Structures are given as C-alpha cells and as structure tokens.
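Open the model in your viewer and keep the sequence panel beside it. This tour moves from the overall view to single residues.

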Amino acid sequence: TGIAQHDAGNGINIYPNPSNGEFQVEDLGSTIQSLEIYNVFGEKVYSSILNRQSSNLNLNVPEGIYFLQIRSENGTVVKKLTITK
C-alpha cells in the first residue's frame, strides 16, 4: 500500500529554453489558468490570466534566470527559464 503522488508540473513544457525572450508555455494535461514570471530578486516582471492550454510569449527583459509560476487545474508549479540575447 502507498500514497500516489501527482506531479502537477509533469505535463508542463516551456520551450525553447534557453530563450531569446520568445517562448511557448503549454500544459499537456490541463488548462493553464494564470502565469506570473519573477526575476531572481523576486520581482514580478509579467503576469497574465491565460485560461488556455498553451500560450506564446515575448518577454522584453534583460538576460538572466526567471521563474515561471504556473497555476493550472492541477495545482501550481514553478519552472525555471533562462533568457539569453
């Protein structure tokens, strides 16, 4: 016996990664409800309500590492994105 664990981020893809600022976020298992993007200092640089399975984004931000907080029907996950110019 055991407890089955569900990884809400397992079906979420971000590509290309690293990116030049243009990238796609998709959730193969459910609908992405909202997306927030933070820099390494914890400052929010982007926020959007999506309510769809995938979205193309074009971030105009400096090079660096960013964290995408993705909220879907399956829960909230954080993914890392590297921006290179």
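## Whole chain

Start with a cartoon view. The protein has seven strands and zero helices. Along the sequence the pattern reads β-β-β-β-β-β-β. The model is predicted.

Colour by pLDDT next. The average for the protein is 90, and 89% of the residues score at least 70. Now select residues 1-6. Here pLDDT stays under 50, and the model has one contact beyond four places in sequence for this stretch. Treat that segment separately when you read the rest.

The protein exposes about 5300 Å², with 45% of it supplied by carbon and sulfur atoms. Of its 85 residues, 38% count as buried. For contacts in the protein between residues at least 6 apart in sequence, 52% join residues at least 24 apart.

Zoom in on strand 1 and strand 2. Strand 2 covers residues 22-27, and the two strands pair in the antiparallel sense over four bridges. Show Asn13 and Glu26: Asn13 stands opposite Glu26 in strand 2. Then show Tyr15, which stands opposite Gln24 in strand 2.

Follow the hairpin between these two strands. Six residues lie between the strands, and Gly21 takes a positive phi near 120 degrees.

Which residues of strand 1 are on the covered face, and which on the uncovered one? Ile12 and Ile14 make up the covered face, while Asn13 and Tyr15 make up the uncovered one.

Keep strand 6 and strand 7 in view. They pair in the antiparallel sense over nine bridges. Pick out Arg71, which stands opposite Thr76 in strand 7.

## The core

In soluble globular proteins, nonpolar side chains tend to be buried together. The largest nonpolar core here has 17 residues. Which of them have the most contacts inside it? Select Ile14, Phe23, Val25, Leu35, Ile37, Leu68 and Ile70. Strand 1, strand 2, strand 3 (32-39), strand 6 (64-72) and strand 7 (75-83) each supply at least two residues of this core.

Finish on Ile14. Back on strand 1, Ile14 belongs to the covered face. Which residues does Ile14 contact, leaving aside its neighbours within four places in sequence? Show Phe23, Gln24, Val25, Leu68, Ile70, Lys79 and Leu81 around Ile14.

How values were computed. Residues are numbered from 1 along each chain as its sequence is written. This is a predicted model: local features need pLDDT of at least 70, side-chain atom pairs count only at pLDDT 80 or more; totals for chains, interfaces and linings use all residues. Side-chain values use heavy atoms; hydrogens and water are left out. Two strands pair if DSSP finds at least two bridges between them. pLDDT is the predictor's confidence in each residue, from 0 to 100. Contact means heavy atoms within 4.5 Å. Buried means under 20% relative accessible area, exposed over 50%, partly exposed in between (1.4 Å probe, protein chains only). Accessible areas come from the Shrake-Rupley method with a 1.4 Å probe; for residues, only the protein chains shown count as cover. A nonpolar core is a set of buried Ala, Val, Leu, Ile, Met, Phe, Trp, Tyr and Cys residues joined through side-chain atoms within 4.5 Å.
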